[in-house]
Amino acid sequence: MKFFVDTADTAEIRDLAATGLLDGVTTNPSLIHKSGRQFLEVVKEICGIVDGPVSAEVVALDHETMMKEAEILRKIADNVCIKVPLTIDGLKTCKALTSDGTQVNVTLCFSANQALLAAKAGATFISPFVGRHDDNGFDGMQLIDDIRLIYDNYAFDTEILVASVRHSIHVLEAAKIGADVMTAPPAVIKSLFNHVLTEKGIAAFMADWAKTGQTIG
Ligand code: E4P
């Protein structure tokens, strides 16, 4: 399973990239706003930190303007992945861009039928938002399960990118279903390293090691 971080905070991205476990980055207009930085400049910096796909979202709602924005975004770096909303215009843009070899992440997916349309439009990634789905009384993980089944039925190449991840159980369940990618805030990714028994075990081993009076090397 690939791990993307969902942030435009370059310090956090550098921190996670240093683990060697980060496969890509997703941003959205809200995360750009939170960063307080200029969109094109921050995307360029992120593309220099990670080799994997960096999702940068168009903000136009019509196909023609989406294509113009995508043209500007994809010139930033080879690893820019154009993010488009799951609308008719978004999927027209997806089809045009992927036919031309550009990576596209179709975002704001809330139904398996929407995911089916995105795969037919040649999307590189489909982003179902599990957290927001749960928040609204739906079962986010059932959505991932349904998309996995449909994509496997037809051997679609589109990768399932589980988004709006809120906690470690979302990551666990997505991995059990066989989602290809998950994107989560830095804090959620960092929480995956932790276990109380790991911490207790290290403390006990260190205490006993100190009693031996030895050093390595
Ligand atoms: C995905 O690409 C989105 O940026 C993101 O996961 C949205 O998550 P949120 O519901 O926490 O805003």
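# A look around the predicted model

Tyr151, Tyr154 and Phe156 form one aromatic cluster. The model is a predicted one, so let's walk through it with that in mind.

User: How are the rings of Tyr151 and Phe156 arranged: stacked, tilted or edge-to-face?
Analyst: This is a pair from the cluster that Tyr151 and Phe156 share with Tyr154. The ring centres of Tyr151 and Phe156 sit 5.6 Å apart, and the planes meet at 70°. Planes over 60 degrees apart get one particular label, so the Tyr151 and Phe156 pair is edge-to-face.

User: And what about Tyr154 and Phe156: stacked, tilted or edge-to-face?
Analyst: Here the ring centres are 6.0 Å apart, with the planes at 45°. Stacked needs under 30 degrees and edge-to-face needs over 60, so the Tyr154 and Phe156 pair is tilted.

User: Which residue of that cluster is buried?
Analyst: Let's go through the three members, Tyr151, Tyr154 and Phe156. Tyr154 has 57% relative accessibility, so it counts as exposed. Phe156, at 24%, counts as partly exposed. With a relative accessible area of 1%, the buried one is Tyr151.

User: How many aromatic pairs does the structure hold?
Analyst: Tyr151 with Phe156 is one of them, and Tyr154 with Phe156 is another. For the structure, the number of aromatic pairs is four.

User: Is Thr93 buried or exposed?
Analyst: Thr93 is found in helix H5. Not counting residues up to four places away in sequence, Thr93 touches His63, Met66, Met67 and Val84. Its relative accessibility is 0%, and under 20% is the cut-off, so Thr93 counts as buried.

User: Where is Asp100, and is Asp100 buried or exposed?
Analyst: Asp100 has its place in the loop between helix H5 (88–99) and strand S5 (104–109). Its relative accessible area is 52%, and the cut-off to pass is over 50%, so Asp100 is exposed.

User: How much of the ligand does the protein bury?
Analyst: The ligand is surrounded by Asp6, Thr26, Asn28, Lys83, Phe129, Arg132, Ala163, Ser164 and Arg166. An oxygen atom of the ligand lies 2.7 Å from a polar side-chain atom of Asn28, and a ligand oxygen is 2.6 Å from one of Lys83. For Arg132, a side-chain N or O atom is 2.7 Å from a ligand oxygen. Taken alone the ligand exposes 340 Å², and the share of that buried by the protein is 85%.

Definitions and conventions. Residues are numbered from 1 along each chain as its sequence is written. This is a predicted model: local features need pLDDT of at least 70, side-chain atom pairs count only at pLDDT 80 or more; totals for chains, interfaces and linings use all residues. Side-chain values use heavy atoms; hydrogens and water are left out. Helices (H or I, at least four residues) and strands (E, at least two) are DSSP runs, numbered from the N terminus. Buried means under 20% relative accessible area, exposed over 50%, partly exposed in between (1.4 Å probe, protein chains only). A residue is near a molecule or strand if one of its heavy atoms lies within 4 Å of it. A polar contact is a pair of N or O atoms within 3.5 Å; within protein, one must be able to donate a hydrogen and the other to accept it, and residues adjacent in sequence count only if both atoms are side-chain atoms. Accessible areas come from the Shrake-Rupley method with a 1.4 Å probe; for residues, only the protein chains shown count as cover. Rings of Phe, Tyr and Trp (its six-membered ring) pair if their centres lie within 6.5 Å; planes under 30 degrees apart count as stacked, over 60 as edge-to-face and the rest as tilted. Contact means heavy atoms within 4.5 Å.
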